[in-house]
Amino acid sequence: MFSRHRFRHLISRGNQFRGSLNAAEWALVLLVALLPAAIGLPLTWNRYQLDVQAQLQSAAARAVRSVDQVFGQVDRSLDEAAPLAGQPCRQARARLVSLAAFDPYIRSLGLLDGRRLYCTSVLGAQDTVLPFTPSAPRQLIYRQGSGPLYPKRPFLMRTLLTGQGQGVVASVELAYFSPLLPGQADDGRSGSLLVLNGQQAVLSTQAGVAGVPADAALRVMAASKRYPLAVQSWVDADYLWSGASARLLRALLLLLPVGVVGAALLLGYLRKRGSVSGEIQLALRNQEFLPYYQPVFDACGRRCMGVEVLLRWQHPRQGLAPPDLFIPVAEASGMIIQITRYLMRRVAADMAALSLPERFFVALNLSPSHLQHAQLVDDCRTFLQHFADAPPRLVLEVTEREPIRVTPQSQQVMAALRRMRVQIAIDDFGTGHSSLAELNRIHADHLKIDRVFVAAIGSDSIANRILEMIIDLAKQLRITMVAEGVETEQQRAYLQQSGVHYLQGYLLARPMPLEQLRDFLARLKEPQEEGQAAG
């Protein structure tokens, strides 16, 4: 005996799946597994680069502030020494020595007369001609080692002119600034420069490096707002990779489980969906889908006017399954069109083997998406060609489980169907997605009244009032009406009196396989033949 619960359980279990995932689905699972790492690792790498850049920028800015403090102190010493400019060396030297001694950064203080350095705090009276002429009130000049004080070491000279070409000068060794620069590791992978006037590197943390290397992966610069000095720092790619490796590994260890969980969930979903799709594919190959036929009668309930084809699945393990368990899945997976084409071929062969009454019709359910496929026209033509003489009327009942989209393609298909005298019916009208606008554009030949409204006959409910509105609408549009779910004589009489053309339901006949339909039609034909003979 068929069990809905067991059937649902069967088709939702991946280990019962008789097919397998296709290559595209496996690729999607793999993509989901790798996606967190594929997105997260570049983000982690980019975040690490931004962190390193921020650290470099912060260190360079601190170095610039320290350099500013050094020359701020030097400038204060120069300001105190300025009144000594122009004085003889024997008078000024003692004060120069005192000022230089109390300034931790000044190696020597001197007095200038034009380009001539005539007195220093270290050597006393001098008569040295400078290789440059001080031209601004305050200047910062880079000098290579020269003279007895700086035989080999480079230094910076800070000058202050007091007027009439006279001034004071302070010499500051660059060695004071080495501890201030960031990037002290002597590995060649990082470094810093102290740059004068934006172009001349006067100090470097890397021996022999006078500029930022061309292959530097990151570089920053912080410039002083008070002095023509700037600090440039850089790191290369090896430095970044060595620092980022631990962070990337941690990120990978976190992201891979996320991807695995996501892939497992997707795999479960695909197997659950694929189990149904695979079962349906196998059922098509094994011809497990069976057509059942429910007769449709005239309003009097005496004459069989046609049949509606209802699909059943003869599952090899669970028995006969009704369509409400698998049709929605088939529609969602796009396999409903394959099932419909299979059913049309099967029904055509069945009907061709029967002796059908005149003007007999065969109604087949159709998914709205099928109207978008031109192949439907060829399938209907093939169906009608099964009958040598007087083929039955073919009615396509468009269901409302999904919206009926009227597009140029579907309009072409429906126009071709009308030329073949194939009729269109709107199934379960009033319970799905249909609207009056779509009903007008489809130009339906039949309108099927859902059993929900038929069941409300005789009650004072909203459904009964909707039934009256549907009947009035169909009359105004001159559309043939078919009532489903007729189960009582009261319902049949009401529908007949209301002008409904065709009736369908358990009161008249239940769905039946082909052999029972043959016997059923034969029994209906016998009284008619006896009546004709008696007449």
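User: Leu35 is found in helix α2. Why is Leu35 called partly exposed?

Analyst: The relative accessible area of Leu35 is 37%. Buried means under 20%, exposed means over 50%, and partly exposed lies in between, with a 1.4 Å probe and protein chains only. The value for Leu35 falls in between, so the label is partly exposed. The model is predicted: local features need pLDDT of at least 70 and side-chain atom pairs pLDDT 80 or more, while totals for chains, interfaces and linings use all residues. Residues are numbered from 1 along each chain, and side-chain values use heavy atoms, without hydrogens and water.

User: Why does the pair of Asp113 and Arg116 count as a salt bridge?

Analyst: The closest N and O atoms of Asp113 and Arg116 are 3.8 Å apart, which is within 4 Å, so the pair counts. Asp113 has a relative accessible area of 34% and is partly exposed. Arg116, at 30%, is also partly exposed. By this rule, the count of salt bridges comes to 16.

User: What is known about Arg381 and Asp378?

Analyst: Arg381 and Asp378 form a salt bridge, with the closest N and O atoms 3.0 Å apart. Both lie in helix α7 (residues 375-384), three residues apart, about one turn of the helix.

User: How do you know that strands β1 and β6 pair?

Analyst: Two strands pair if DSSP finds at least two bridges between them. Strand β1 (residues 106-113) and strand β6 (residues 166-173) have seven bridges, so they pair, in the antiparallel sense. In β6, Val168 is the bridge partner of Leu111.

User: Which strands make up the open sheet, and in what order?

Analyst: The sheet has six strands in the order β3-β2-β1-β6-β5-β4, with antiparallel pairing. β3 (124-129) and β4 (138-143) stand at the edges with a single partner strand each, so one side of each has no neighbour in the sheet.

Key:
A salt bridge is a side-chain nitrogen of Lys or Arg within 4 Å of a carboxyl oxygen of Asp or Glu. Helices (H or I, at least four residues) and strands (E, at least two) are DSSP runs, numbered from the N terminus.
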